[in-house]
Structures are given as structure tokens and as C-alpha cells.
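Work through the exercises below with the sequence and the model side by side. Try each task before reading its solution.

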Amino acid sequence: MSVTTTWTEDTVAVDIVDDGPGFPQQVLARIGEPYISGRSSGGETQHMGLGIFIAQSLLERTGARVSFANMADGGAQVVVEWKRTTLEGVEGKPAMKETV
């Protein structure tokens, strides 16, 4: 697995790549929805994919865009990207609001 961070004048990104089999196509088409999973136990598919749903929801609340893909030569890729203005704030204003 590799985790790479990059930034430009406009964006900040975290790119996570692994060398496993990648996401099953039926899961990739619906990834980010609650209760979607490609895991199987004893030949039976388990549908408990809350982890990705929760992580994606929390990241999106920070202004992130999250994308999921399979690499051409195998493995999965997840990219989390923010606009720098969202992270840094504009004109000295805080970037994120605190909710009570």
C-alpha cells in the first residue's frame, strides 16, 4: 500500500493505492452507499459496508471529493481531494465551521 500527498496552488490531495485485487465491479458501481460490501464469508456475501459510507460522509463534510477506482494493473485507488480555499479559508475566515 502507498499513501501519497500532493498539492498545487488550487488543490490538496491524498492518494491511497494498494496492490490487492481491487474493488469488485458490482461494489465499485455503488461504493459509498450504506450497507454495500463485497466481502464474503462461507460463500455468502455480507452487506455491512458502513465504514466507507461513514468515512466518505465525514470527508465530504470537510469539503473533500472522494473517488474510488481500480488500477489498470490491479489494486484499488482512493483519492481524497480538497480545494485549498476550503482548507485554508478565504480572506482570513476560518475554513470550517464548528457545529454544536
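Predicted model: local features only at pLDDT ≥ 70, side-chain atom pairs only at ≥ 80, totals over all residues.

**Exercise 1: The aromatic pair**

Residues are numbered from 1 along each chain as its sequence is written, and side-chain values use heavy atoms, with hydrogens and water left out.

Task: classify the pair formed by the rings of Phe 23 and Phe 68.

Step 1. Take the cut-offs: planes under 30 degrees apart are stacked, over 60 edge-to-face, and the rest tilted.

Step 2. The ring centres are 6.1 Å apart and the planes stand at 85 degrees, so the pair is edge-to-face.

Step 3. Place the residues. Phe 23 lies in the loop between β2 (11–17) and α1 (25–28), and Phe 68 in strand β5, so the pair ties together parts 45 residues apart in sequence. Helices (H or I, at least four residues) and strands (E, at least two) are DSSP runs, numbered from the N terminus.

Step 4. Check burial (buried is under 20% relative accessible area, exposed over 50%, partly exposed in between, with a 1.4 Å probe and protein chains only). Phe 23 is buried at 17%. Phe 68 is buried at 19%.

**Exercise 2: The sheet**

Task: find the order of the four strands in the open sheet.

Step 1. The order is β1-β2-β6-β5, with antiparallel pairing (two strands pair if DSSP finds at least two bridges between them).

Step 2. Look at the edges. β1 (2–7) and β5 (65–70) each have a single partner strand, so one side of each lacks a neighbour in the sheet.

Step 3. Follow β5 to its partner. Six bridges join β5 to β6 (residues 76–83). Val 66 stands opposite Val 80 in β6.

**Exercise 3: Salt bridges**

Task: locate the three salt bridges (a side-chain nitrogen of Lys or Arg within 4 Å of a carboxyl oxygen of Asp or Glu).

Step 1. Arg 30 pairs with Glu 33, their closest N and O atoms 3.2 Å apart. Arg 30 is partly exposed at 43% relative accessibility.

Step 2. Arg 65 meets Glu 81 at 2.7 Å, N to O. Arg 65 lies in β5 and Glu 81 in β6, so this pair ties together parts 16 residues apart in sequence.

Step 3. Arg 84 pairs with Glu 88, with the closest N and O atoms 2.6 Å apart. Both lie in helix α3 (residues 84–88), four residues apart, about one turn of the helix.

Key. Phe/Tyr/Trp six-rings, centres within 6.5 Å; stacked < 30°, edge-to-face > 60°.
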